[in-house]
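Me: Hi! I have a new model open and would like to talk it through. Could you start with the terms and then walk me around?

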Amino acid sequence: MPKVSIGLRGWRFDESAVFTDDGEFRPLDELDDDTRRRLVRLTYLQGKPCDACYLIHGEADKKRCNQAETVYGEPMEEVLLCSAHEPEFLYWFREADGADLTGSETFRDRFHEWFAAGGRAPEEYAGVDHVDTDPTGLPDPPDPAELNRRLNENYEGERKRIDLRTGEVTTVDEDDGDGVDLELGREYPTG
């Protein structure tokens, strides 16, 4: 079964697990937990800056950061990278023992520490040659409002809420009146 990246390179999904035969995203409740969590997290990560650029420029000069093109790691411990900084991450991962941290809660932090301390790949270090067979052929992940609509379209008397940071879906009684399904206007930290 073909694997595809959605929105950002890196996390790969079984095409048939995510898309219907018509090429539309499957309803969230049809996805396994890991796939749903990653897809929801991608919705949040779209348009975020490269972590390495952000470490260089900081919040004050965030506009100088490249937009992330690739994601590595697990949800909530992911590293976002532009193509210019992907070789730095790959060098850290392959040559500076970053692979030993795969799946750990310190994965992202350790890369950030290494990079902030001046860790870089040698100039001649080769990254990955990505082959994008049809980068415009797949839809972007649904935006948060669309995810919320899809998640709640078939439920009476209760609504579901998605935490965009963790991808966790919880149920909220309609009469709780405790807030908005998704905090669409809130700025969440990138790292």
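Reply: Happy to. A nonpolar core is a set of buried Ala, Val, Leu, Ile, Met, Phe, Trp, Tyr and Cys residues joined through side-chain atoms within 4.5 Å. Buried means under 20% relative accessible area, exposed means over 50%, and partly exposed is in between (1.4 Å probe, protein chains only). Please note that this is a predicted model, where local features need pLDDT of at least 70, side-chain atom pairs count only at pLDDT 80 or more, and totals for chains, interfaces and linings use all residues. Residues are numbered from 1 along each chain as its sequence is written, and side-chain values use heavy atoms, with hydrogens and water left out.

Me: Great. Which residues have the most contacts inside the largest nonpolar core?

Reply: Those are I6, F13, L42, L45 and V71, in a core of 19 residues. Helix α2 (residues 33–45) gives the largest share of this core, with five residues. Helices (H or I, at least four residues) and strands (E, at least two) are DSSP runs, numbered from the N terminus.

Me: What does L42 touch?

Reply: Leaving out residues up to four places away in sequence, L42 touches I6, L8, W11, F13, V71 and P141. Contact here means heavy atoms within 4.5 Å.

Me: And what does the second core include?

Reply: That one is separate and has 17 residues, including Y72, C82, W92 and F115.

Me: Let's zoom out. How many helices and strands are in the protein chain?

Reply: There are six helices and six strands. Starting at the N terminus, the order is β-β-α-α-α-β-β-α-α-α-β-β. The protein chain has 191 residues, and 38% of them are buried. Among contacts with a separation of 6 or more, 54% are between residues 24 or more positions apart.

Me: What about the surface?

Reply: The protein chain exposes about 10,900 Å², with carbon and sulfur atoms supplying 43% of it. Those areas come from the Shrake-Rupley method with a 1.4 Å probe, and for residues only the protein chains shown count as cover.

Me: Now the aromatics. How many aromatic pairs are there?

Reply: The count comes to 13 aromatic pairs. Rings of Phe, Tyr and Trp (its six-membered ring) pair if their centres lie within 6.5 Å; planes under 30 degrees apart count as stacked, over 60 as edge-to-face and the rest as tilted. Take Y72 and F89: their ring centres are 4.7 Å apart and their planes are at 20 degrees, so this pair is stacked. Y72 belongs to strand β3 (residues 70–72) and F89 to helix α4 (residues 86–95), so the pair ties together parts that are 17 residues apart in sequence.

Me: Are Y72 and F89 buried or exposed?

Reply: Both are buried. They also belong to a cluster linked by ring pairs, along with Y91, W92, F93, F107, F111, W114, F115 and Y125.

Me: Which charged end sits over the ring of F115?

Reply: That of R120, 3.5 Å from the ring centre. Elsewhere, R38 lies over the face of W11, at 5.0 Å from the ring centre. A charge sits over a ring if NZ of Lys or CZ of Arg is within 6 Å of the ring centre and within 35 degrees of the ring normal.

Me: Which residues of α5 are buried?

Reply: In α5 (residues 107–116), the buried ones are F107, R108, F111, H112, W114 and F115. They cover an arc of only 165 degrees around the axis, so they lie on the same side of α5. The arc is that of the directions from the helix axis to the C-beta atoms. Their cover includes α3 (51–57), β3, β4 and α4.

Me: And what do the buried residues of α4 pack against?

Reply: They pack against β3, β4 and α5. The buried residues themselves are E86, P87, E88, F89, L90 and W92.

Me: Where is H85, and what is it in contact with?

Reply: H85 is in the loop between β4 (79–81) and α4. At a relative accessible area of 12%, H85 is buried. Setting aside neighbours within four places in sequence, H85 is in contact with C50, A52, C53, I56 and F115.

Me: Last topic, backbone angles. What is the phi of M76?

Reply: M76 has a positive phi of about 80 degrees although it is not a glycine. Most residues other than glycine have a negative phi. M76 lies in the loop between β3 and β4, and D97, in the loop between α4 and α5, has a positive phi of about 70 degrees. D97 is exposed, with a relative accessible area of 53%, while M76 is partly exposed at 23%.
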